Amino acid sequence: MSHTLTLPGKDRSLYPYQPQGNDLSFDLPQGKAFESRIAFSAAHVVADPLADTDPLSNAQIDWDATMKYRHHLWSLGLSVAEAMDTAQRGMGLNWEHAKELISRSVKEARSVNGKIASGTGTDHLAPGPDVTIEDVEAAYEEQCSFVEGEGSQIILMASRALAACAKGPEDYERVYRKILTNVSQPVILHWLGDMFDPALKGYWGYENLDDAMDVCLRIIRENEDKVDGIKISLLDDQKEIKMRRLLPDSVKMYTGDDFNYPSLIKGDDQGYSHALLGIFDVIAPAAAAAMHALDKGDLKTYDALLVKTVPLSRHIFQKPTFSYKTGVVFMAYLNGHQEHFRMIGGSESARSITHLSDLFVMADEAGLLMNPDLAVERMKLVLEQAGIRQEGR
């Protein structure tokens, strides 16, 4: 098989590319937990390509492949953040499917003593003019009760319905106060920026991020015993550092910044962030090895492992940011974690062939194509489907 690919450039020209195939040797001690940081990977779901249902309105999940990937993450020492936006929650994955996903994942986590936390929200409540704050509270309570009943920690996700019906910050304070009062174990809050979900613009009652942060911090301080930490996904490292320094000592910061995660996790003389990241699904071996290096205080190795992953991550999470799931699943396909590049909701079409080709090159340069021969063969198939003929085919 020829390893030379014909790839498209941004000017529509074609150029030859010879993959380096120099996957890195990742130091991954078996069965050893991370000591200095908590590291969650927000995990993707694998669609069932043979399901004879409408992939837009009723896509089905390949449960075996989906659970197998979670075992892969746990085997590396990573924790799983389940049923989040990386799993296309609210973007193809509805609450009914999310419930089954959470139930199955919690069971599998117990079988290997893996750590898991699961997203709760209000996505079974469609935003609309008749939706009230009481409706939002009831929806949150239903999902929180289910997740706690399954035995998982809660990640309290931002609510589109609340963003639509809240009149101001006092409505956010009311809803979160009620939900946090009723949960039995501390939760991870989730502040998801509108670059990930445009329906969340103005969350916490303000479009200005500093004003919104003040509201969020007030909620955390008033309910400190029920908050394990907060994940913020704003793609703004300075906002995260500012908030991290203002959190109560008992409350963790979980970075959701897929642009600046290496420096945020490494931290500074005033603190650091733990990780709850979609990109850790993509770069799992490098991320796990970096966490072990950090435990040893080996910052040189930590930096070397993650530095080449950042261009890849910034590419995958480029605007429109909410289409990043396509790149996540494409990497799983290239690396043999699933046998196809099909997604629930037909989201495999959300990125161009040029974007996917650049992703391949960046993954190769980062040493993240774990089986280069397989990755090349699969890349050729995708390129051929886009009408770009490949040598040797």
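Here are some notes on this predicted model, point by point.

1. **Before you start.** Because this is a predicted model, local features need pLDDT of at least 70 and side-chain atom pairs count only at pLDDT 80 or more, while totals for chains, interfaces and linings use all residues. Residues are numbered from 1 along each chain as its sequence is written, and side-chain values use heavy atoms, with hydrogens and water left out.

2. **The barrel.** Start with the strands: eight of them close into a barrel, in the order E3-E4-E5-E6-E7-E8-E9-E10, and the pairing is parallel. From one strand to the next, the twist averages 25°. Helices (H or I, at least four residues) and strands (E, at least two) are DSSP runs, numbered from the N terminus. Two strands pair if DSSP finds at least two bridges between them. As background, strands of a sheet pair through backbone hydrogen bonds, either parallel or antiparallel.

3. **Some pairs to look up.** Strand E6 (residues 153-156) is joined to E7 by two bridges, and these strands run parallel. Find isoleucine 155 and you'll see that its bridge partner in E7 is isoleucine 188. E8 and E9 also pair in the parallel sense, over four bridges, with isoleucine 230 partnered by methionine 253 in E9. Then come two bridges from E9 to strand E10 (residues 274-277), again running parallel; here threonine 255 has alanine 275 in E10 as its bridge partner.

4. **Crossovers.** Between E9 and E10 the chain passes through H8, and this β-α-β crossover is right-handed. E8, H7 and E9 also make a right-handed β-α-β unit. To check the hand yourself, point the strands away from you: the crossover is right-handed if the path from the first strand over the helix to the second runs clockwise.

5. **Helix H7.** Which residues of H7 (residues 237-246) are buried? They are Lys239, Glu240, Ile241, Met243 and Arg244. (Buried means under 20% relative accessible area, exposed over 50%, and partly exposed in between, using a 1.4 Å probe and protein chains only.) These buried residues pack against strand E7 (187-192), helix H6 (209-222), strand E8 (227-233), strand E9 (252-255) and helix H8 (261-266). Contact here means heavy atoms within 4.5 Å. At the start of H7, look for aspartate 236, where a side-chain oxygen reaches to within 3.1 Å of the backbone nitrogen of glutamine 238.

6. **Helix H1.** H1 (residues 63-75) lies across strand E3 (39-42), strand E4 (79-82) and strand E5 (116-120), and runs at about 140° to E4. For such angles, axes are lines fitted to C-alpha atoms, for helices over the stretch in contact, and the values run from 0 to 180 degrees between N-to-C directions.

7. **Arginine 89.** You'll find arginine 89 in the loop between E4 and helix H2 (95-112). Is arginine 89 buried or exposed? It counts as buried, because its relative accessibility is 4%. A polar atom of its side chain lies 3.0 Å from the backbone oxygen of glycine 119, and a polar contact of 2.7 Å joins the side chains of arginine 89 and glutamine 143. (A polar contact is a pair of N or O atoms within 3.5 Å; within protein, one must be able to donate a hydrogen and the other to accept it, and residues adjacent in sequence count only if both atoms are side-chain atoms.) Not counting residues up to four places away in sequence, arginine 89 touches several residues, including Trp95, Asp123 and Met157.

8. **Salt bridges.** How many salt bridges does a search of the whole structure find? The search finds 21, each being a side-chain nitrogen of Lys or Arg within 4 Å of a carboxyl oxygen of Asp or Glu. One links aspartate 358 and lysine 10, with the closest N and O atoms 2.4 Å apart. Aspartate 358 lies in helix H14 (residues 353-365) and lysine 10 in the loop between strand E1 (5-8) and strand E2 (14-17), so this pair ties together parts that are 348 residues apart in sequence. Aspartate 358 is buried at 14% relative accessibility, whereas lysine 10 is exposed at 69%.

9. **Another bridge to find.** Lysine 242 forms a salt bridge with aspartate 210, the closest N and O atoms being 2.9 Å apart. Lysine 242 is in helix H7 and aspartate 210 in helix H6, 32 residues apart. Both count as partly exposed: lysine 242 at 36%, and aspartate 210 at 26%.
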